[in-house]
Amino acid sequence: MKMLGLSKKDTTFLLIVIALTLLTPILLQPFPASSTLAQFNAGYPDLMQRFAIFGIFAIGFNILFGLTGYLSFGHAAFLGVGSYSVVWMYKLLGYNVVPGLILAIIVSALFALLIGFVSLRRSGIYFSILTLAFAQMCYNLAYSVLTPLTNGETGLQVYTNDAQVLMGENSPTSPHFFGIVMNESATWNVGGWQFVFNNGYYFTAIIAILVFYLSLRIFRSPFGLMLRAIKTNQTRLNYTGINTRPYTLAAFVISGMYAGLAGGLMASMDPLAGAERMQWTASGEVVLMVILGGAGTLMGPILGAGFIKYFENIFSKINDQVLHGWFAFLPDGLENFLIGVSHFFVGKSWHLTLGLLFMLVVIFLPGGLVEGGQRIANAFRKRKSGGDDAETEAQPSAAE
Amino acid sequence: MDAIILQILNGLDKGSAYALIALGLTLIFGTLGVVNFAHGALFMIGAFVAVTLQRILSLSYEQIDPEKTDFLGNPLKVQVPYVDSWFGADVGAWLIDWSVPIAIVMAIPVMLLVGFIMERGLIKHFYKRPHADQILVTFGLAIVLQELVKYFFGANPIQTGAPDAFAGSMDFGSLLGFPPNSIMYPYWRLVYFLFAAIVIGGVFAFLQFTTFGMVVRAGMADRETVGLLGINIDKRFTLMFGLAAAVAGVAGVMYTPILAPNYHMGMDFLVLSFVVVVVGGMGSLPGAVAAGFLLGILQSFASMNEIKSLIPGIDQVIIYLVAIIILLTRPRGLMGRAGVMEE
Amino acid sequence: MGILEVKNVGKRFGGLQALSDVNLSVQEHTVHAIIGPNGAGKSTLLNCFVGKLIPDTGSVMFNGQSVLGLKPHQINQMGISRVFQTPEIFSDLNVLENVMISCFAKRDGAFRLHPFETVAHEVDIVEEAEQMLIDVNMIDKRHMNAASMSRGDKRRLEMAMCLAQKPKLLLLDEPTAGMARADTNNTIDLLKEINEKLDITMAIIEHDMHVVFSLADRITVLAQGTPLVEDTPENIKGHPKVKEAYLGEAA
């Protein structure tokens, strides 16, 4: 079965991704609401929205970093720009998210064009530092002189005296998509389980599927091939008659647009925009997601984003009480010791776990979770076929 | 005129900190070829060594003071630091007051150790890996270190004072013949500048006049050749890493009275220090120092009200703007060699 | 009038006059070798042809057009392909993809944004690349990762990538440097085959006399940045000036 210009394998792959995305509210709710394991459920609207939004952010970042190898430390700037664009459209036009999202993509593309045009004149660490410098400039300006546009530290939000010229009598008073209100949900109770189907989640999920499909097409296109060639050997490419600069710039702008869209969606779920979204730690986070999942692979960024956001949620919820519950069966001394040790990694110290994880992945598994999965799969295959791996090695190098 | 001198002075202390961090970054990059994103964390650890020492010195026990009573007439319980009872009240008070400078003595071995562990345990394995991997792993390490500090010391800045002797400000203007009080400059900032100058001078002298330093400089110029000469460069480079860590650490210790230590100060200074290194020229030690002071001073000029009213927001972006302009017009930086790290 | 006309080219690096007053004319459909002892300026000269260096004086005309000041990719699009001393290939890509990139560059020029076409659907390009691999006897390796090949195969692949562009002029920078005798002979055979089949113009920079005398139609001897003599291989053999240049180096 082939569809949408994809190979059979990619079609299956896309269908699986679609199915998983649409069923997320059920899949992430494996434990009955009353059970003690319910704390590991993740089927909450705002968490699921974050999965989808950061998934989009990471998919876009992967087009730049994963394919070309250019490591940007400034993509949070586009995230912020996207959020501000959407909130401004709320203020001027009304709560329909569509004009805002369109503006977010356009404005972030313009920003990316400008920043990319300058930064891509250099490569390697210089490129990283240039992007970092631009993002920090945006962040600092958003906090200071651009306060009329960004509302400084308070953050940009909608006030009752805002124009909102398209707001009718019966228009919803929170973000909506032609009347479908984002923060409304349908709840479905089956037995002890409770599933929440949230409009906002499905809105972001459908966009995520769409942009995932686009990235799949880019990966398989001649453009994607050129980007991978840039990562491998720019010298050869230049002496093969290819001008690499416009290719990298196009990749930069596309990934900036993805980031702008993700930022816009954040403001679509919660009508707020703050400068902290532009801070370089936010850029670091998306780098982390892509590396953790597997840079340059299709599935990696989504896995990475999901993994980090899930564990962020779970780990930060774990407190003393929960820990006592877990280790209660142990003798007191050992219990207290384990709780003491766990303290480093859970609750507010979640970032410590994240940092450690990040180091471990870079050290031991530079290909990220996807590579880890492949290694395990290969090990199984080898055992089955008696060590005949000639075929796996001859596989096309196209990333999965 | 006096305003200009004041801004130059104001830029010196920040510039000193930039210069000290950038110096270490450049040493590590030049000798080991490693881009260390955890270098800011070393600066922060230094600052928290000072905080720790002050806390240790201030450890106290409760004692009933027979001569004082509280407002109900009961005998008053007072906190007496252990150091007071060990060394007498005068010496004890002096120790607590001078805890920041004293912390240097503690910071040097601590930072050397931290540096050795970092290099042997982690960085060593990344010599041959791409720069992107080095950035990423040290970035991960920086997060870990910063979170550990946050765990033990909390998220709020911790005020750590300079010794009382340096509490006031110096009337710098009257020295130069300006009217009194026209240029006031806090003593501690002057101390910091002098301290930085001594450390920088020390590092340069060490590299210039010792055999060890000569080998390291040769290694910075051409690592392979020096390796071919049969000189064990690895051991020296480990020591170099420790030295860079110590420089960042003492820079952090002495900076505590100027900026109350907080867990994210490392990252804040790291970003700026990297910009400084790039402006100075990747791999150039004099470049790092010169650019550190230059950018510190430029930043302080940009925060003058006259300039801010002319170009709003310039104080927020000046450093980055300079970096962008330098990178685009003179990619090797002010004093760097061409082609360093252009992959 | 040759396809590549070099007139009065000079290049100075600081105190070193690397090239001075180089005149050279490469005729179409010939193999022209540039030989010379180490440090004679061979590589510097080559870099002046491909846009990596700009000479201080003189002119380099290709097909009647000046290449000076142009970027490497522009010069390549004019019809000059280059083989490097150590093979430069896309080691993360497979063999077929390596050649396809050359085909895309030939068809689409220096830049074309085609993000939604699918590589696998570009039948013409795939066929062209596969034909190229058949020509160089590498078709059985088309799905192999380029990095995992032997050095000889990498050289062969690089050659295929250059030929896939159907260049008017192929520049070879010491194509057999560091090769064992057997590999060298294979490379000579490959180059001869290419020369006969495609009737292509080649300029070879080479150290190895064996290679040069087996291939070249004309030879230019470079010494200390200036051409000493230019003649046919028969006349170059035993030419007193050439002997002097090489013996001078040996002593």
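A: A residue is called buried if 20 or more other C-beta atoms (placed from the backbone) lie within 10 Å of its own, exposed if there are 12 or fewer, and partly exposed in between. By that count Y187(B), the residue with which we begin, is partly exposed, because 15 other C-beta atoms lie within 10 Å of its own. This is a predicted model, in which local features need pLDDT of at least 70 and side-chain atom pairs count only at pLDDT 80 or more, while totals for chains, interfaces and linings use all residues. Residues are numbered from 1 along each chain as its sequence is written, and chains are lettered from A and ligands numbered from 1 in the order in which they are written.

Y187(B) belongs to helix α8 of chain B, where helices (H or I, at least four residues) and strands (E, at least two) are DSSP runs numbered from the N terminus. Two residues are in contact if their C-beta atoms, placed from the backbone, lie within 7 Å. If we leave aside residues up to four places away in sequence, Y187(B) touches F166(B), G168(B), S169(B) and M170(B). A50(B), by comparison, is 137 residues away from Y187(B) in sequence, and the C-alpha atoms of the two are 19 Å apart in space.

Helix α8 of chain B runs over residues 187-209, and it packs with helix α9 of chain B, residues 211-221, at an angle of about 90°, with the two axes 5 Å apart. Axes here are lines fitted to C-alpha atoms, for helices over the stretch in contact, and angles run from 0 to 180 degrees between N-to-C directions. Angles under 35 degrees count as roughly parallel, over 145 as roughly antiparallel, 65 to 115 as roughly perpendicular and the rest as oblique, and α8(B) and α9(B) are therefore roughly perpendicular to each other. On the side of α8(B) the contact is made by F206(B), L207(B), Q208(B) and F209(B), and on the side of α9(B) by G213(B), V216(B) and R217(B). Sorted by class, this contact of α8(B) with α9(B) has four nonpolar, two polar and one charged residues, where Ala, Val, Leu, Ile, Met, Phe, Trp, Tyr, Cys and Pro count as nonpolar, Asp, Glu, Lys and Arg as charged, and the others, Gly among them, as polar.

Although A3(B) and M304(B) are 301 residues apart in sequence, their C-alpha atoms are 9.0 Å apart in space.

Stepping back to chain B as a whole, we find 15 helices and four strands. The C-alpha atoms of chain B fill a box of roughly 80 × 50 × 35 Å, taken along the principal axes, and 48% of its 343 residues count as buried. Among the contacts in chain B with a separation of 6 or more, residues 24 or more positions apart account for 74%.

Chain B also meets chain A, in a contact that takes 34 residues from chain A and 32 residues from chain B. On the side of chain A, α5 (124-143), α11 (280-293) and α15 (350-364) each supply at least two residues, and the largest share, 12 residues, comes from α5(A). By class, that side of chain A has 22 nonpolar, 10 polar and two charged residues.

Y126(A), I129(A), L132(A), A133(A) and Q136(A) in α5(A) meet V271(B), F274(B), V275(B) and V278(B) in α12(B). The residues of this contact divide into eight nonpolar, one polar and no charged.

Chain A itself has 17 helices and six strands, its C-alpha atoms fill a box of roughly 70 × 70 × 45 Å along the principal axes, and 49% of its 400 residues count as buried. Chain A is also touched by chain C, with 34 residues of chain C in contact with 28 residues of chain A. On the side of chain C, α2 (72-78) and α3 (95-108) each supply at least two residues, and the largest share, five residues, comes from α3(C).
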